[in-house]
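Please have a look at the sequence and structure first.

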Amino acid sequence: MAGSIAASAFFPGSPAPAPAAPKNSLGERPASLDVRGVAAKPGSSSGAVRAGKTRANAAVPKVNGGKSAVADGEHETVHSSVPKTFYNQLPDWSMLLAAITTIFLAAEKQWTLLDWKPKRPDMLSDTFGFGRIIHDGLMFRQNFSIRSYEIGADRTASIETLMNHLQETALNHVKTAGLLGDGFGSTPEMSKRDLFWVVSQMQAIVERYPCWGDTVEVDTWVGAHGKNGMRRDWHIRDSMTGHTILKATSKWVMMNKVTRKLARIPDEVRTEIEPYFFERSAIVDEDNRKLPKLPEDQSATAAKYVRTGLTPRWADLDINQHVNNVKYIGWILESAPISILENHELASIVLDYKRECGRDSVLQSHTTVHTDCTSESGETILNCEHLLSLVSGPTMVKARTMWEAEENQTPKKQ
């Protein structure tokens, strides 16, 4: 029986043997049956019915090439007469296979996103786009696309944008390495002791400024600095050309979150971070000159500018409840004359942080501009000295900046 059903499924032209007709109450079978196994009326047979329909179809003309109503009716009758089998009731296998494949790929993708934690040092990469660890686990690399809201009036990224990229890669480096505790870049051992990092010095040299839509590649690494400090360096390149955009170095010390005083590095913390130390300098010739107090004289080669009444907003505070170090740069440049900002580009900056700034502080920014300087090519450059202090007197930050004319800002040979 099963063989006959299978044969009828693959060879529809071969008639299947008719099932045995049920017997009546007298044990006799009807003389004729229709396709449903029901006794046909006397004087009519299935062959006669088909012949009649064929003649009817021949008699009814087709209009505009369409099928006649009688032809349609016969098609439906014949189609419904095909016996239902196991095979012709199954779904389309190709559609079913495609659906199963789609579900499997989607599940695999979700599983990959969930199981992103690194297994080996050479697999320390972040699936969510935070970057990846390279150079045997000693360096972190991350790409950034310059957004429209990160460019200034000159259509290039601001110095604050680039400095924010430095800070972001530093934090993501700690996070991807598995050293992020409960704090802003603090390790687990630092969090246990209410310690966090604060920057004490920073220097950055800018080769060129990226434009809107450019993608920059940022490398960062850490090293030892004295007995109780840490050094962090960065190198920013154009991801397409490889040309250097910015080099920076910084020095960090620890502060106690409760007492707000500097602290030594505990041995437990040193054990955590020392395996990641990479003795390499982004800036070979660092500017270690001491930043003097702003000159009091009003000579022909120096001009002083002051901006007062600067106060931090709530959004300027970070998780450690003090002003983010990048915000100081904006305050420093607040007192720079507009003529410098319009016609020059910041080529380098040195920052010396003296104390932290809280949300209730009121500051004033001082800038002294020196115009008697020339570069190696003979072009006039501007050197400025800056002082950011509380209105009550204590110094917050000292800085030195160098400015070049915009037409001189071209990508330098690497």
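Cys-357 counts as buried because its relative accessibility is 1%, where buried means under 20% relative accessible area, exposed over 50% and partly exposed in between (1.4 Å probe, protein chains only). Cys-211, at 33%, counts as partly exposed. The disulfide count is zero, taking a disulfide as a pair of cysteine sulfur atoms within 2.5 Å.

A word on the source: this is a predicted model, in which local features need pLDDT of at least 70 and side-chain atom pairs count only at pLDDT 80 or more, while totals for chains, interfaces and linings use all residues. Residues are numbered from 1 along each chain as its sequence is written, and side-chain values use heavy atoms, with hydrogens and water left out.

Now to the rings. The whole structure holds three aromatic pairs. Rings of Phe, Tyr and Trp (its six-membered ring) pair if their centres lie within 6.5 Å; planes under 30 degrees apart count as stacked, over 60 as edge-to-face and the rest as tilted. Two of the pairs, including their values, are these:

| Pair | Centres | Planes | Type |
|---|---|---|---|
| Trp-221 and Phe-278 | 6.3 Å | 65 degrees | edge-to-face |
| Tyr-328 and Tyr-353 | 5.5 Å | 75 degrees | edge-to-face |

Trp-221 is buried at 2% relative accessibility. Arg-280 lies over the face of Trp-221, 5.2 Å from the ring centre; the rule asks for NZ of Lys or CZ of Arg within 6 Å of the ring centre and within 35 degrees of the ring normal.

Tyr-328 is buried too, at 3%, and Tyr-353 is buried at 10%. Together with Trp-331, Tyr-328 and Tyr-353 form a cluster linked by ring pairs.
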